[in-house]
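Keep the sequence and the 3D view open as you read.

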Amino acid sequence: VSAFPAALGKQRTPLRPARILLHIFLAGTALAWLAPLLWAILAALRPYGETSTKGYVSWPDKLSLDNFTNAFQQSDMLHYSAPR
Amino acid sequence: MAGVPTVLHIALVWVTALASVGLAFTTWDGIGFDSIKWVGLDNFRELITSNPQFWPAVQHNLIWLAALILVPVPLGMFLAVQLDKKIRFSRVYQTAFFLPVVMSFAVIGFVWQLVYNPDTGLINSLIGANKPGHYIDWIGDPDLNLWAVLVAASWRHTGYLMILYLAGLKGVDPALREASALDGANEWQTFKNVVFPTLRPTNTIVLVVTIIEALRAFDLVFVFNKGAEGTELLSILVTNNIIGESSRIGYGSAIAVVLLLISLAVIIPYLVATFRKERRS
């Protein structure tokens with residue numbers, strides 16, 4: 001008879017350790033899922049000079065949008081994206 | 001007005017598809033309609049007997065299909081079931097898993113090139129495999145590159161299937177779960193006997209989507225390594241023959257017909273079985 005409230009109670013507030021394990025698993029998987037994108041963003045934000053001296057896997061000293069402004073200007077992006 | 005979509009559909013889908021099937025029995029360089037020459041089954045004969053890339057491409061397409069069914073389907077379903085547990089930060093996790101799906105395959109190919117690059121990539125830098133002596137060429141080694149690119153494909157496809165399954169799980173009647181909890185079923189029993197059977201429509205969609213995804217695979221590989229040795233796919237052979245410098249439109253169409261036949265052979269028995277089962281129940 002006492003199994004009924006126990007079953008219902010279990011549904012409302014689930015076992016804490018199981019929830020924590022689930023969060024650890026999901027957070028780890030989510031980070032693994034984002035890793036390739038974060039890696040690409042890091043490579044985009046670092047100046048190449050720093051990468052070539054310190055190597056690709058290293059802590060960045062300086063992050064900037066220089067690569068983006070250079071790409072935008074050197075490719076003459078306005079020429080293609082704006083109607084003339 | 002209803003005629004306009006019909007005309008557009010027939011002109012853009014059926015006429016072009018049937019024209020491609022027709023061209024498979026001809027040779028044509030694509031310049032003027034006079035140069036179309038009927039050659040019967042010659043294109044298929046040449047394809048099967050003397051194209052060194054053809055059988056590897058068929059094999060890779062089938063491996064692609066098997067890999068997408070074996071990894072992203074169970075993984076996507078598993079993640080969806082976990083995220084459906086009214087858990088905190090569920091939206092954050094969903095966003096992380098779904099993010100690859102909103103990017104184009106060209107971007108995905110480029111991102112994974114950064115990860116796999118043998119000299120500067122993330123993996124080789126971390127495990128120290130970018131020095132002479134022990135050097136792992138994820139992109140160029142024909143034994144490795146198909147699996148490397150399949151990781152990227154599964155990475156994207158898992159997120160897509162996770163969302164499809166999550167939508168399916170939202171449609172499961174909560175009363176069913178409650179009933180099975182009252183009957184004393186544990187989590188796994190509830191999933192196996194109550195939730196999974198009600199997911200059958202979702203499973204149909206997921207399998208059809210996965211089959212389509214495996215057989216139309218093209219852009220990811222083309223960006224990753226241009227379909228070099230080890231990653232040939234039928235779609236890449238079609239493109240190389242039709243818009244490559246050879247411009248062999250008849251021959252390329254013959255490869256496209258083979259791809260069409262494989263798609264039909266996979267999807268028709270499955271759909272027939274599904275609809276028959278649905279009509280019976």
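## A salt bridge across the chain

The side chains of B:R177 and B:D84 meet in a salt bridge, 3.1 Å from N to O. The pair joins distant parts of the chain, 93 residues apart. B:R177 sits in helix 9 (residues 174-182) of chain B, and B:D84 sits in the loop between helix 4 (72-83) and helix 5 (90-102) of chain B. A salt bridge here is a side-chain nitrogen of Lys or Arg within 4 Å of a carboxyl oxygen of Asp or Glu. Side chains of opposite charge can pair when their charged atoms come close. Helices are DSSP runs of H or I with at least four residues, strands are runs of E with at least two, and both are numbered from the N terminus.

Are these two residues buried or exposed? B:R177 counts as partly exposed because its relative accessibility is 27%. B:D84 counts as buried, at 17%. Buried means under 20% relative accessible area, exposed means over 50%, and partly exposed lies in between (1.4 Å probe, protein chains only). B:D84 and B:R177 also belong to a network of salt bridges with B:K170.

## How the model is read

This is a predicted model: local features need pLDDT of at least 70, side-chain atom pairs count only at pLDDT 80 or more, and totals for chains, interfaces and linings use all residues. Residues are numbered from 1 along each chain as its sequence is written, chains are lettered from A and ligands numbered from 1 in the order in which they are written, and side-chain values use heavy atoms, with hydrogens and water left out.

How many salt bridges does the structure hold over all chains? There are 7. One of them joins the side chains of B:D42 and B:R45, at 3.0 Å from N to O. Both residues lie in helix 2 (residues 42-50) of chain B. They are 3 residues apart, about one turn of the helix. B:D42 counts as partly exposed because its relative accessibility is 38%.

The side chains of B:R216 and B:E213 also meet in a salt bridge, at 3.5 Å from N to O. B:R216 is partly exposed, with a relative accessible area of 48%. B:E213 counts as buried, at 8% relative accessibility.

## A cavity in the model

The structure holds 1 cavity of 30 Å³ or more. The largest cavity has a volume of about 90 Å³. Its lining includes B:E213 and B:R216, along with B:W64, B:F105 and B:H157. Helix 3, helix 8 (145-170) and helix 12 (219-225) of chain B each give two or more residues to this lining. Helix 8 of chain B gives the largest share, 3 residues.

On a 1 Å grid over the protein atoms alone, a cavity is a set of points where a 1.4 Å probe fits but cannot get out. A pocket is an open set with protein on both sides within 12 Å along at least five of seven lines. Lining residues have an atom within 4 Å of a point. Grid points are joined across faces, edges and corners, and a volume is the space filled by probe spheres set on the points.

What classes of residue line the largest cavity? The lining has 7 nonpolar, 1 polar and 4 charged residues. Ala, Val, Leu, Ile, Met, Phe, Trp, Tyr, Cys and Pro count as nonpolar, Asp, Glu, Lys and Arg as charged, and the others, Gly among them, as polar.

## The second largest pocket

The second largest pocket has a volume of about 370 Å³. Helix 1 (3-23) and helix 14 (249-280) of chain B each supply at least two residues of its lining. Helix 1 of chain B gives the most, with 6 residues. Among the lining residues are B:V13, B:W14, B:V238 and B:L260. By class, the lining has 9 nonpolar, 3 polar and no charged residues.

## Elsewhere in the model

B:A66 lies in helix 3 (residues 54-70) of chain B. B:A66 counts as partly exposed, at 36% relative accessibility. The C-alpha atoms of B:A66 and B:G133 are separated by 34 Å. These two residues are 67 apart along the chain.

Now turn to chain A. It has 5 helices and 0 strands. Along the sequence, chain A follows the pattern α-α-α-α-α. Of the 84 residues of chain A, 19% count as buried.
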